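Morning, everyone. Let me put the model up, and then I'll walk through it chain by chain.

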Amino acid sequence: MKQGKDRIITLPNKHLRQKSKKVGIINDDTKQLIDDMITSVIDWDASRDHEVTVALAAIQIDVLLNVIIVRDDFEHGSPAEYTALINPVITKYEGDIELDYEGCLSIKSVYGLVPRHSKVRIKATSVDGKEIKMKATGFLARVLQHEVDHTKGKLFVDHIKGDENSFYELTSDGKLEKLDYQEKIKDSKILW
Amino acid sequence: MAKPNSSNRQISLVFFGAGPVASESLEFLIQTFQVEAVITKPRSKGNTAPVIDLANMHNLPIFTPLNRLELSEIIKNNRFSSQIGLVIDFGIIISSDVIDSFSLGIINSHFSLLPEWRGADPITFSLLSGQARTGVSLMRIVEALDEGPLIAQGELNILPTHTNQSLTKDLIDLSNTLLAHYLPMYVSGEISPGPQDLIAKSTSREVSYSRKLSKNDGLLDWNKDAETLEREIRAYQGWPQSRCKLGRVDLIITEASVVDKKLKPGEYQVDNKQLIIGCKSKSLQIKRLKPIGKNEMDISSFLAGYLDKL
């Protein structure tokens, strides 16, 4: 089996469009899965100069289970520590719709300016089996919406399909530059 | 999910702003940059102070000058470490000693495509003008009003349905996007401001000035064209609102559309559950309105309750 960042699957892999299954019992396999997800992310980050992984869903290492990990501190250079959420569900979308940049480990070199709710409430189970309910705002709310989308087979590009001004790429010097929608995005065989 | 390593967080700024547009912008800036201090107007009796409330919530240092002299004093007495100031919806004139105290100056996000609609109320005046496009300009301020060199501009279409509030909201979003993108480029020296007359030449935009509205601007003058009045109704929503008197009823009109019917200016006609008022050319069909002191209602509810007073 592939290890580290090489386990991460990317579009056009069709598995990314599938709905993840609920985790019934949290056992050693679940914990192993979470460890593997963290290992993959740390390895991926090490290969990137200008990006940091803020979260990952299990399907991104090709395991169709409803598990996500979220980085505790989103800033580059902070300790790479993650919290796992099992069977996360967004119970309420609140606040305004805000735009911000998002990238995805499963979508190579495309960034998007994606509209998301500024507040969400989320329900999940922790790795030790406790029920977690929390409110999230700002960037964390965005991250959770992105990951819960993964568990439903949805990707950030689906939210901005058709928006000519919403697609960007991260250049080799770490700047976001707008992509030509007609030329690079509209008829992409990889994205759609 | 991945995100770019945010170097934006390392940009520290001092924020100047007081109104509702300022507070919505500040909310975004706090998430995006380091806000060292917030300079705003003092809380006045009976008014909300959204900027003060927001800054308190985030434990930011707050300063509340009453005027430009007090503002200069504050800047002299507090050595801010930020290289840059950002002013949005402030309402106090900033003198050059304050501007010069920041090594990269003070940036203003102005809600028009400068040099169009310099001055206090660009949003209302761009709606009134009937122009198809407006936008946001990021400008390095100089002491002369809204004449500073431009860092970036973003455009958006004015829709026939845009009211003052909805256009303001869209412009705030555009302003936030521009700031997140261009402020770091300006700070790093990647882009430098260009004079407005160069931009004006290349876009054939002309200098124009907006002004503060007064309550009397809201009086509907039926000797104007129906198109003009329809735009006034959308532009004056919120304040000063478009007012008129029909029969014995004082009204605020909140939505209307232009119809071809020929009536004398000020003459009105009720038929088929419609209220149509004559203007200089064409007429206005009133869709929604607010009898003074009452809630907003649609035309059929209004005619059901007020027909005998017209």
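**The sheet in chain B**

Start with the open sheet in chain B: seven strands, in the order β4-β3-β2-β5-β6-β7-β8, with mixed pairing. Strands β4 (62-63) and β8 (150-157) of chain B are at the edges with a single partner strand each, so one side of each has no neighbour in the sheet. Two strands count as paired if DSSP finds at least two bridges between them. Helices (H or I, at least four residues) and strands (E, at least two) are DSSP runs, numbered from the N terminus.

A word on provenance. This is a predicted model: local features need pLDDT of at least 70, side-chain atom pairs count only at pLDDT 80 or more, and totals for chains, interfaces and linings use all residues. Residues are numbered from 1 along each chain as its sequence is written, while chains are lettered from A and ligands numbered from 1 in the order in which they are written.

Now look at strand β5 of chain B, residues 84-87. Buried means 20 or more other C-beta atoms within 10 Å of the residue's own; 12 or fewer is exposed, in between is partly exposed, and C-beta atoms are placed from the backbone. In a regular strand, side chains alternate between the two faces of the sheet.

What about the partners of β5(B)? Strand β2 (residues 12-16) of chain B runs parallel to β5(B), joined by four bridges. B:F16 has B:V87 as its bridge partner there. Strand β6 (residues 106-110) of chain B is also parallel to β5(B), through three bridges. B:V87 pairs with B:N108 in β6(B).

Next, helix α1 (residues 20-32) of chain B. Helix α1 lies across β2, β3 (34-39), β5 and β6 of chain B, at about 150° to β3(B). Axes are lines fitted to C-alpha atoms, for helices over the stretch in contact, and angles run from 0 to 180 degrees between N-to-C directions.

**Chain totals**

Chain B has nine helices and 14 strands. Of its 310 residues, 38% are buried. Chain A has four helices and eight strands. Of the 192 residues in chain A, 35% are buried.

**Where the chains meet**

How many residues of chain B are in contact with chain A? Ten, against 23 residues of chain A. Contact means C-beta atoms, placed from the backbone, within 7 Å. On the chain B side, β1 (2-4) and α6 (164-187) are the elements that give two or more residues. The largest share, three residues, comes from β1(B).

Strand β1 (residues 51-53) of chain A runs antiparallel to β1(B), with three bridges. A:E51 has B:P4 as its bridge partner.

**Confidence**

pLDDT is the predictor's confidence in each residue, from 0 to 100. Chain A has a mean of 92, and 97% of its residues reach 70 or more. Within chain A, strand β8 (residues 176-178) is lowest, at a mean of 81, and strand β2 (residues 55-57) is highest, at 98. For the whole model, ipTM is 0.88 and pTM is 0.66.

Notes
Contact = placed C-beta atoms within 7 Å.
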